[in-house]
Amino acid sequence: EVPAGFRLETWTWRVPDDYLDALVAVRRAMDDAPADEELEYPTATAEQVRASEESLRLREREPRLTVAIGGDGTIGAFTELRVSRGATTAFTDDTGTLAELRGRGLAKAVKLESLWRLVADHPEVAVVTTSNAEENAAMRHINALAGFRPTVTVTSATLAL
């Protein structure tokens with residue numbers, strides 16, 4: 001179910017120019033997502049989005065971005081899924097929601113829609129993997145609802161210099 005006031009869209013390969021700034025804004029939601037406090041991630045920029053798209057194109061990895069767009073053009077939530085040409089496995093990368101819109105079901109809506117569209121567009125894909133910070137209970141819950149099951153525990157170590 002799509003939360004009231006939003007519509008879902010999926011873009012492959014390239015974010016439409018008209019939505020690039022809105023995507024950069026929602027990607028910044030990752031800056032305050034629950035995660036290990038020692039880890040720092042770079043803040044999203046339009047240049048980084050375009051560079052990532054080009055890098056994926058050169059490696060023949062199709063980026064698939066599913067977004068929840070509000071009536072005012074704001075992107076309230078996003079999820080990115082990637083699949084390589086000829087692969088039977090895909091990978092879900094970041095999923096995020098603007099802080100002021102969390103708790104409305106937008107992340108769940110984009111995550112499930114992305115998976116449905118993947119099945120329709122790439123029936124050869126049999127497995128989708130994702131990763132999740134242990135601290136992010138909300139995302140772990142959404143992943144469990146979508147059918148993801150834990151298979152590996154990864155330990156990260158950080159050294160502050």
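Me: Buried, partly exposed or exposed: what does Asp94 count as?

Reply: In this predicted model, Asp94 has a relative accessibility of 23%. A buried residue would have to be under 20% and an exposed one over 50%. Asp94 therefore counts as partly exposed.

Me: With which residue does Asp94 form a salt bridge at 2.8 Å?

Reply: The closest N and O atoms of this salt bridge are 2.8 Å apart, where a distance within 4 Å is required. The partner of Asp94 is Arg27.

Me: How many residues apart in sequence are the parts that Asp94 and Arg27 tie together?

Reply: Arg27 forms a salt bridge with Asp94. Asp94 belongs to strand β4 (residues 89-97), while Arg27 belongs to helix α1, so the pair links parts whose separation in sequence is 67 residues.

Me: What is the relative accessible area of Arg27, and is this residue buried or exposed?

Reply: The relative accessible area of Arg27 is 18%. The limit for a buried residue is under 20%. Arg27 is therefore buried.

Me: Which strands hold Arg82 and Asp93?

Reply: The side chains of Arg82 and Asp93 meet in a salt bridge, with 3.1 Å from N to O. The pair ties together parts 11 residues apart in sequence, because Arg82 lies in β3 (residues 75-84) and Asp93 in β4.

Me: How many salt bridges does a search of the whole structure find, and which elements are tied together by Arg50 and Asp17?

Reply: The side chains of Arg50 and Asp17 meet in a salt bridge at 2.6 Å, N to O. Arg50 lies in helix α2 (residues 46-58) and Asp17 in the loop between β1 (6-12) and α1 (20-27), so the bridge ties this helix to that loop, 33 residues apart in sequence. Searching the whole structure gives a total of 14 salt bridges.

Me: With which residues is Glu60 in contact, leaving aside neighbours within four places in sequence?

Reply: Glu60 sits in the loop between α2 and β2 (61-70) and is partly exposed, with a relative accessible area of 40%. Its C-alpha atom is 36 Å from that of Ala4, a residue 56 positions away in sequence. Beyond its neighbours within four places, Glu60 is in contact with Trp13, Val83, Ser84 and Arg85.

Me: In what order do the elements of the protein chain run from the N terminus?

Reply: The secondary structure of the chain comes to four helices and five strands. Starting at the N terminus, their order is β-α-α-β-β-β-α-β-α.

Me: What radius of gyration does the protein chain have?

Reply: The C-alpha atoms fill a box of roughly 40 × 35 × 30 Å along the principal axes. For 161 residues, a compact globule would have a radius of gyration near 15 Å. The chain agrees with this expectation, its radius of gyration being 15 Å.

Me: What share of the contacts with a separation of 6 or more is accounted for by residues 24 or more positions apart?

Reply: Of the 161 residues, 37% count as buried. Among contacts in the chain with a separation of 6 or more, the share from residues 24 or more positions apart is 65%.

Methods: Residues are numbered from 1 along each chain as its sequence is written. This is a predicted model: local features need pLDDT of at least 70, side-chain atom pairs count only at pLDDT 80 or more; totals for chains, interfaces and linings use all residues. Side-chain values use heavy atoms; hydrogens and water are left out. Helices (H or I, at least four residues) and strands (E, at least two) are DSSP runs, numbered from the N terminus. The radius of gyration is taken over C-alpha atoms; the globule rule is 2.2 Å times the number of residues to the power 0.38. Buried means under 20% relative accessible area, exposed over 50%, partly exposed in between (1.4 Å probe, protein chains only). Contact means heavy atoms within 4.5 Å.
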